[in-house]
Structures are given as C-alpha cells and as structure tokens.
Amino acid sequence: MRSHAQVVVIGGGVIGCSILYHLTKLGWSDVVLLERDELTSGSTWHAAANIHGLHDSTNISRIQHYTMNLYKQLEEETGQGCGVFQPGSLYLAQTEAREHQLRLQAAKAKYYDMNFHEVTRAEAEVLHPLVNYDGVCCIMFEPDGGNVDPSGVTQAYAAGARQNGAEIHRFTPVTATESQPDGSWIVRTDKGDIRTKWIVNAAGLWGREVAAMAGVELPLLPTEHQYFVTEAIVDIEKMDRRLPSVADRDGEYYLRQEGNGLLIGAYEKDVRFWAEDGTPSDFGHELFPDDLERIMDNVMRAMDRVPVAADAGVRRVINGPMIWSPDSNALFGPVPEKSGYFCCNGIIPGFSQSGGLGMLTAEWIVTGESHLDMFAWDMARFGSWADKKFTKARVEDQYANRFAIHFPNEERSAGRPARARPVYETQKSLGAVFGLNYGWEHPLWFAEAPGEKDTNGFTRQNWFEPVGRECRMLRDRAGIIDISNFAKYSVKGVGAEDWLNNLFANKIPKAVGRSCLTPLIGVRGGIAGDFTVTRLAEDEFLIVGSGMAERYHKRFFDAVPLPDDTVFQSRTEAMCGFNVAGPLSRDILQRLTNADLSTAAFPFMRSQHIELAGIKLIAIRVSFTGDLGWELHCKADDQEALYEALLEAGKEFNAGPVGSRALMSLRIEKGYGSWSREYSPEYWPQEVGLDRLIKTGKDFLNKDAYIALQDNAPRELLCIMEIEVAEADATGGEPIFLIDGTPVGRVSSGAYGYSVEKSLALGFIKTNQAQPGTKLEVYILGQPHQAIILAEPPFDPSGEKLRA
C-alpha cells in the first residue's frame, strides 16, 4: 500500500468509487480508496438503483442527466457491465399542484434540451398497458429513465479508476485520521499509514464515525427503508419489451419492472430510525427483518394503480438502512474548519447522482471550485445548531414526506425553533409567521393575529395580501425589518485594512464612517459573495454579508492569512439589527436620538455610532429595500428594548413591522441582486453588474482568475422583467423563451411588486437578446406568460429616494 497519496477516499460504495474514478479522469492517478469491508457494503448493494434526470433544482437535474448518460460510456470504457435498463419513466399527476410541478419540469427540460415531455393517456397506455390511469390529470414521459445494477456500476467505477492508476484496498478499515501542522493528513490503518493532502469522507452509513475521527460532527441519521420484488407476473412475461417505471408520487410509492415481476418501494409515515448513536462497525451486508405491514397503505395505492400487482406473490423483501441529512440533500464540500477534508455524505438517490457528485468532487479538489454552484448541497449550509434533536426531527419529516412537493417559499416546521433572537416571542405576539435562515427563526410576514401559518402552493397563497400591506406601508410611510440574520463580522487591528483589501475586490474605505459594497471573487473568477464593509475606527471594521452563507464564506476568509496583530470575529450571534426604511424613516428615528440624521449630516453609505432610545448602536445609511433607510446594529442584549422603542415611535406614523417576504418584493422592485440567486460563483461580475466595484489596481483574493475573464463578453446579462400573470408569480428557476420558442434565459428571483403593481422577475438573458423592450415568454406554472425586459427598475431608478 502506498505511504503517500494526493487523495485518500474513505468508503467503497458507489459514491466513493465514482469520486476515485473522476479524480483519475482529471489526471490525478496517485489516489487511494480504502474500504472497511467489500465494495458496495453498506447501503449500495441493496439499493433499488432507479435513475431519473429531472429535479426541482436545475443544477441537480444537470448532474443527474450527466450520471444517466455516463453509465453506458462507463461500460464501454471499462468492459464492466452496469446493468443499464432505460425503458423510460412515466410521471403521473393526480393533483393540480403536481401537474404544475411536472409542467414546470417539462418547460425546464425544453430549455436545457433534456428528454422529458407530456404524453396523452392513449400514448401512456401503449407505453405501459398495465397501469390504471383513472384519476390522473397529467402524464409526463422521461425516455431515459430506468435503473442500473448497483454492484455493476460500483465495480465499473472501480475498474475505471484502477485502469487510470488508482489503488483500491478492500478490508482495510481506517482507524484514525490525524491532521498535521502543514495541513496534510495521516490516515491510519492496520495495513499501514498514508500521508495525504486530501481526505474524502464518502463512508456512507459510517460517515458520522469517519468524520468524528477528524473532530467533525455531521448532521446525519439512518432510517430503515423497505421495498419488495414480486414473483413473475404473466402479463409481464408476455411483453416483448421492458416496461417503463411508474413515478406516482402523489401515491407515495415507486414501482418498476424487476425481472418478470415488479419492484415496489415506499416511504411510509411510520418512520423507523436505526443506529441513532452510531453505525455498528461490523455491519455490512445485513438486512433488517421484513415489516411489510408498515408500508401496506402505500402498497395498496400501488396495487390500485397497477392491478396485476395485487395477485402477485412476494419473492423477496429488502429492508435496509439509508442515511439522511436534515433536508435529504447531500452534505457536500470541504469542511470549512479543516484544511483538506472533503465530505460527500447523505446521498439518497445515489445511482441518479453518483456520476455528477464524483465529477464535482474531483473538480473542486483538483481546481479549487466546481463549475456548478452547489450551495444548496454545500455541507456549510448547516452549523453546530443542526444538532441531534434537530437532525432527527428533520430526517423524520424528510423521510415521511419524501415524495411531497417542495413548494416555492415553503418553510417546514420540523425541528424548530433551533435558535431564536431575544425578540422572537414579541414578534410571535405581533403575528409573525417565521422562516428558517441558517438555524435562526426570522419573520417572513405578519398576520393580523398570532397563530396563523403559511399555506403552500405554486399560486399566490394566504400571505400574498398581508405582504402587500407591509410593502405599501413601507413605501408610503416606513417599516421595521429584523435583519439580525445577516452575517456580521468584526475586524480589528493595525493590519485590518490591508487584510480586507487583500480579501475583497473593492477598495476598503479610508475614512472613518464610510461604507462600501464589495464583491468576493471565487476561484474561477465568479461572484463568491457580496458584502458591505464599514470603517468604524482607524483600526476597526464591520462586515455585513449573507447570513446563510456564513460558514461557506469562512473558506474564503481563511484563504487570506490574518496578520498577527489583527483579530477577526464573527459577531452574528452577539449582534442583532433592524432596518428602518421608507420616506418617514428619518422622522421616526429622529424621535429617538439627538444625532443629526439629515442628509447633510448623515449621507448615503455613511455610518455613525449613535444612541437611539438610550441604546448605543452602529447606524449605517443603507437599505436593501432601495428606499431611504438605516441599518441599526446593536448588542443582542439590547435588541428587545430597541425593537419596542422603534415600534412605539412608529405608531405615530402608522409604521410597523415588516417581514422578509416583503423585503424580497421591495428589493426586486429596485433590481437588487441577492446572494445564491443573482450572485453566485457561476456568474461573472460583468454579467451581474458588479464589475464596476472591482479595483484591479490592487491585489485581492482570486484576482488572477478575474483578470483572465474580465474582458470576456458577458454570456448572459442580469435583467429585470415585467410579466403578465394573474394568479402566480415567478420565484426562481423558471425558463425563459423568446416568443418564437427560442430558449434565452431563466428566472433567478421573482415576486409581485406591490408598490409598482407589477409581477416582476430578475433573471439571466443571453446577451444578444438582453435589450430593453424584448418580448419574452416566462414559464410560470409550466405555462408561457408574456413578459418584457424593462430598461430600468420600476422603483426609484435614479436613486433619489435612496439618497434623500
């Protein structure tokens, strides 16, 4: 066994073997995989191994299509069969909401040239004559859907990796992983030790245990999961072809042909956890006792849909473990607190995603960043607040609702509250309906009475009018927005200015009391983040950025060495804040302070230490609403008193609390971009209008990557659009076409603009079509809606109100 390697992959399931294979495809042959038992031990060997391409997330659809197309290529390359069956998949909708979901996916498939389209009932009956289509209102067909052989795929990845120079060691459990002062690792086994720059934890059911060796706690929990295979069915034996699989997610089961019988599996409501305190080290190819009664409600629905299943005997039952993250997405990416430690854990549809995950992991390790923005899967989306209690509650909800639609703006309540600010109870008494942001409860909107909850759907919901009232109140008078969930950082010391200049692309303010907006540049030259930096004193700065990306951004902050005489601290927990915005915001705040808030004394993008209602705080003249306003940042202990004072002062002006849904609408009216929507490592600064904030006359993180693309013509441009729609608004991800059907772009954010009375969207349009006045079709609810590119944001395009 090698004593040194570029990468050590821990785990010989389908994911680990795919990562090893893809590393070698990028030219890294000095790589090793260690498997505690035999390849495919754990979850891989007993997987149903269904493959499908479409997903609600565009980038996940991309990696799933990559994976589906890879298997036959892998067979040719390695000579190892993958057992690929692609008779297609039929997707059935029994509800209007499911039909909306399927039609939107079909529109995305059209945009991305993926094979997924609607078929009539008569066509579906030809494709799968054993299905009872009664009660089905929409049928989609994915010709490339199907299934693979779990062992064959895993062995093919392994064979390909070996052909390219990788080593695989079976029956070689890892006993320790030890970080070294130079950032490398020593991986210890009974067969010898390996020093490596990178560890990849792809240990599947043992992901928690492997992570713990490195001092990392992963929010993962296994459950039992059952499916069964029937005995041969005469009607299937008579077929001269393989039948497509059936995706009847409203029925909460999955069904496909297996041999001359059927394979039926379900995610039942009666969830059974397993190995809560740790996966046994000696577990391998074992299964749990059958318990079909637990999934019988789901099975009965499957038998109603495919009646021949009701008369078939059960040939084999599989009841094995799966390991889940709190949102059922992978825990993917380098651990921000550990140099050279990469996680790829908690993958549920592994055979639909194995190739894409392997490709992106290899890209990230070899080049420093994957070409797709995978923040939705980044393990940094969870922090220490995602503890065992939270994880268990969320996993139970995810498993039991595996096939439920994830609606736009949906906020599930399981495991909450995880953490809350001091004003949480006050906001609840005011009718706040809360959402979750990096573990924090924050108000989405305010109902007329406490206790009201969101309804969910693709059309406008119960919060549409209340959010409108909040928006109009702020635009006409003023509103008070809790911005405590923004990430806040303090940098102090004589080296603070130099460090910030070496990190961020804009020049850091020289004068005390000045603020600047600045991009953070990614490894490939795209937008890794956007921040407000304020100089509080000669040697002290406040940074404000995206709250949900705080752990993600740690990777970038740590990439620039901090001077010995400088201290960097996260202040997100210690500080809270409010944005008071609107034309009367100055009047409200002036009631509470002796500080002069006039434009002459307190201009736009300036800051001051002031007292407000006797509370010392930092006031910054900026507002994400695009209106006149101030951000007020105080100690967490002072939040409640500050909120009460603001609410009381606001009463005189008929101003009150405003939630984040209103903020979304207000910032879209102004055309402001948002992290993870408009700003992403996938997008170049010149495509989103942030190139004007980049100063190439100084050094900054990843400057060379930006210089390499700064003169490139934008591939797409961020545009603002008005859409003709009556019952729903764009939310993000909707494809955009020209009137003649030519695909030209996609929505990044959308909302109704209450103060301008327009349904609006921000989105990326191919540059040669991104002219004001261009007429478009935006697919909302999976149907085309007329739209037009606007020349400027409909609210205060000149910025007069913002600077008033």
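**Cavities, a pocket and helix contacts in a predicted model**

A search of the whole structure, which is a predicted model, turns up five cavities of 30 Å³ or more. A probe the size of a water molecule, rolled over the atoms, shows where empty space is left. The largest cavity has a volume of about 40 Å³. Around this largest cavity lie Tyr91, Leu92, Arg98, Gln101, Leu102, Gln105, Ala247 and Arg249. Two elements, β4 (89-93) and α3 (96-111), each give at least two residues to the lining of the largest cavity, and the largest share, four residues, belongs to α3. Sorted by class, the lining of the largest cavity holds four nonpolar, two polar and two charged residues.

For the second largest pocket, the volume comes to about 1000 Å³. Its lining counts 46 residues, and those closest to the centre of the pocket are Glu217, Phe382, Gly383, Ser384 and Arg551. Which elements give two or more residues to this lining? They are α6 (207-213), α10 (388-400), α14 (550-558) and β26 (566-570). With five residues, α14 provides the largest share of the lining of the second largest pocket. The classes in this lining are 22 nonpolar, seven polar and 17 charged residues.

Next come two pairs of helices. Two packed helices are described by the angle between their axes and by the distance between the axes. The crossing in which α1 passes α9 is right-handed. On the α1 side, the contact is made by Val14, Ile15, Ser18, Ile19, His22 and Leu23. On the α9 side, the residues taking part are Gly350, Phe351, Ser354, Gly355, Leu357, Gly358, Met359, Thr361, Ala362, Ile365 and Val366. By class, the contact of α1 with α9 is made up of ten nonpolar and seven polar residues, with no charged ones.

The other pair joins helix α12 (residues 464-476) to helix α17 (residues 660-669), which pack at an angle of about 55° with their axes 9 Å apart. How are α12 and α17 placed to each other? Helices α12 and α17 are therefore oblique to each other. Here, α12 passes α17 in a right-handed crossing. From α12, the residues Val467, Glu470, Cys471, Leu474 and Arg475 meet Arg661, Ala662, Ser665, Leu666 and Glu669 of α17. The contact of α12 with α17 contains five nonpolar residues, one polar residue and four charged residues.

Two details of the backbone complete the picture. Most residues other than glycine have a negative phi, and most peptide bonds are trans. Between arginine 416 and proline 417, however, the peptide bond is cis, with omega at about 0°. Proline 417 is placed in the loop between α10 and α11 (424-429), and α10 is also one of the elements that give two or more residues to the lining of the second largest pocket. The other detail concerns serine 328, a residue other than glycine whose phi is positive, near 65°. Serine 328 is found in the loop between β16 (314-324) and β17 (331-334).

Conventions
Residues are numbered from 1 along each chain as its sequence is written. This is a predicted model: local features need pLDDT of at least 70, side-chain atom pairs count only at pLDDT 80 or more; totals for chains, interfaces and linings use all residues. Side-chain values use heavy atoms; hydrogens and water are left out. Axes are lines fitted to C-alpha atoms, for helices over the stretch in contact, and angles run from 0 to 180 degrees between N-to-C directions. Angles under 35 degrees count as roughly parallel, over 145 as roughly antiparallel, 65 to 115 as roughly perpendicular and the rest as oblique. A crossing is left-handed if the near helix is turned anticlockwise from the far one by less than a right angle, and right-handed if clockwise. Contact means heavy atoms within 4.5 Å. Ala, Val, Leu, Ile, Met, Phe, Trp, Tyr, Cys and Pro count as nonpolar, Asp, Glu, Lys and Arg as charged, and the others, Gly among them, as polar. On a 1 Å grid over the protein atoms alone, a cavity is a set of points where a 1.4 Å probe fits but cannot get out, and a pocket is an open set with protein on both sides within 12 Å along at least five of seven lines; lining residues have an atom within 4 Å of a point. Grid points are joined across faces, edges and corners, and a volume is the space filled by probe spheres set on the points.
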